[in-house]
Amino acid sequence: MNILFVSHRFPYPPTRGDKIRSFNMVRHLHAQGHKVTVASLARSGDEAQEARGIEAYCEKFICVRVRESVQKLRMVGCLAGRVPSSMGYFYAPQLKQRIEQELAQKSYDLIIVFSSSAAQYVENVRHIPKILDFCDMDSQKWLAYAKFKRFPLNLGYWLEGQKLQAEEKRLARRFDLCSCATGFEVETLENYGTGVATGVFPNGVDSTFFQPASEGFRKHHISFVGRMDYYPNEAAVIFFAREVLPQLRDRYPDVTFTIIGAEPPRVVQDLAQLPGVTVTGTVDDVRRYILESEVMVAPLAIARGTQNKILEGMALGVPVISSALAARGVDAIPGEHLLTATTAEDYVKQVSRLFDDPVARERMALAGRERVLSHHNWDRAMRMFDALIDRCMTQGAKAA
């Protein structure tokens, strides 16, 4: 088939959660023999140059260069209207024009859109079957932010969440099938009552790249990994460093905590002043840092969709202690494949459990990796993706 793939961020290189998912979708479609055209944005010359790496995984790509300053102005311009600011941020009239030209010049069998923010580019196309992969219902993330921010920021996040939720409902109705990465995200979508067909396929992890180490870990060492310019990650490490770690130090004076991730803001950098805390910033390879850990934590109070960091830790054979919210996005059984916690006291209890019982730690490490191999491998995820494509095409044939 000729497939047009539109995404809000260019799906190469696959260096962050959303780009990992979109890249694997494109790569799989290409491997299946489909002729894929990828269309998206780049915000810098470096990003546009890096994007060229997608050439090996598609027939053609359209990369429109935009200026970050202009995109932020578009975002601000949406504040007073009905259009969500995130839609303005990811919109460029040049990309809209290029996509329309592409559709006019070439016959496409299917359009796949990754993320609601990119749906605006093809929402009015009616003669081609279309799939919208929301991945996560982003509106719910903004609404969750509103509960953690002070006035007047909380009002701004609430308003953006409400606007985006309305837009998600509207856009879903303009597609033949909508998918998400987890069952609870699909439940949110179905509760919108749009009547659109829905489906799920999970995120995977490269278990060959993320392999357990033969060497041992550092005793009483804990890690967290994730982009630090992302508020839920910022809030998570502040909570753990300030609320959990002091209690752990009372029991284990040598305990250490490493925060791994790009673009840490000043409030996160300042955590390095606390006893036992290290803030790395950008690293070349997160695997080495995670593998040094006796335990990996994901204490996210705001979590939607799949947290790839959890999957990667499990794949590396490092036991993961996650918030109950973040654990919803992983197809695993709490207590068997990973541990969950909510309060600071919960985290202290669960970390101590693994520190004090090497047998339990090893059992959790093995069980976590086995679960990733069986339930979060890309081959399985892409078979589910293929089934959704078949379903969409069959529905389109019936409608025609």
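Q: In this predicted model, which residues of helix 14 are buried?
A: An α-helix has 3.6 residues a turn, so residues three or four places apart point the same way. In helix 14 the buried residues are Ala344, Tyr347, Val348, Gln350, Val351, Ser352, Leu354 and Phe355.

Q: What covers the buried residues of helix 14?
A: The cover includes strand 8 (221-225), strand 11 (295-298), strand 12 (320-323) and strand 13 (339-341), together with helix 9 (231-251) and helix 15 (358-375).

Q: Turning to strand 2, how many of its eight residues are buried?
A: In a regular strand the side chains alternate between the two faces of the sheet. Strand 2 (residues 35-42) is mostly covered, with seven of its eight residues buried.

Q: In what sense does strand 2 pair with strand 1, and how does the chain cross between them?
A: Strand 1 (residues 2-7) pairs with strand 2 in the parallel sense, over five bridges, and valine 6 stands opposite alanine 39 in strand 2. From strand 1 the chain passes through helix 1 (residues 17-31) to strand 2, in a β-α-β crossover that is right-handed.

Q: Over how many bridges do strand 2 and strand 3 pair?
A: Strand 2 and strand 3 (residues 60-65) pair over six bridges, in the parallel sense, and threonine 37 stands opposite lysine 60 in strand 3. The chain reaches strand 3 from strand 2 through helix 2 (residues 45-51), and this β-α-β crossover is right-handed.

Conventions: Residues are numbered from 1 along each chain as its sequence is written. This is a predicted model: local features need pLDDT of at least 70, side-chain atom pairs count only at pLDDT 80 or more; totals for chains, interfaces and linings use all residues. Side-chain values use heavy atoms; hydrogens and water are left out. Buried means under 20% relative accessible area, exposed over 50%, partly exposed in between (1.4 Å probe, protein chains only). Helices (H or I, at least four residues) and strands (E, at least two) are DSSP runs, numbered from the N terminus. Contact means heavy atoms within 4.5 Å. Two strands pair if DSSP finds at least two bridges between them. A crossover is right-handed if, with the strands pointing away from the viewer, the path from the first strand over the helix to the second runs clockwise.
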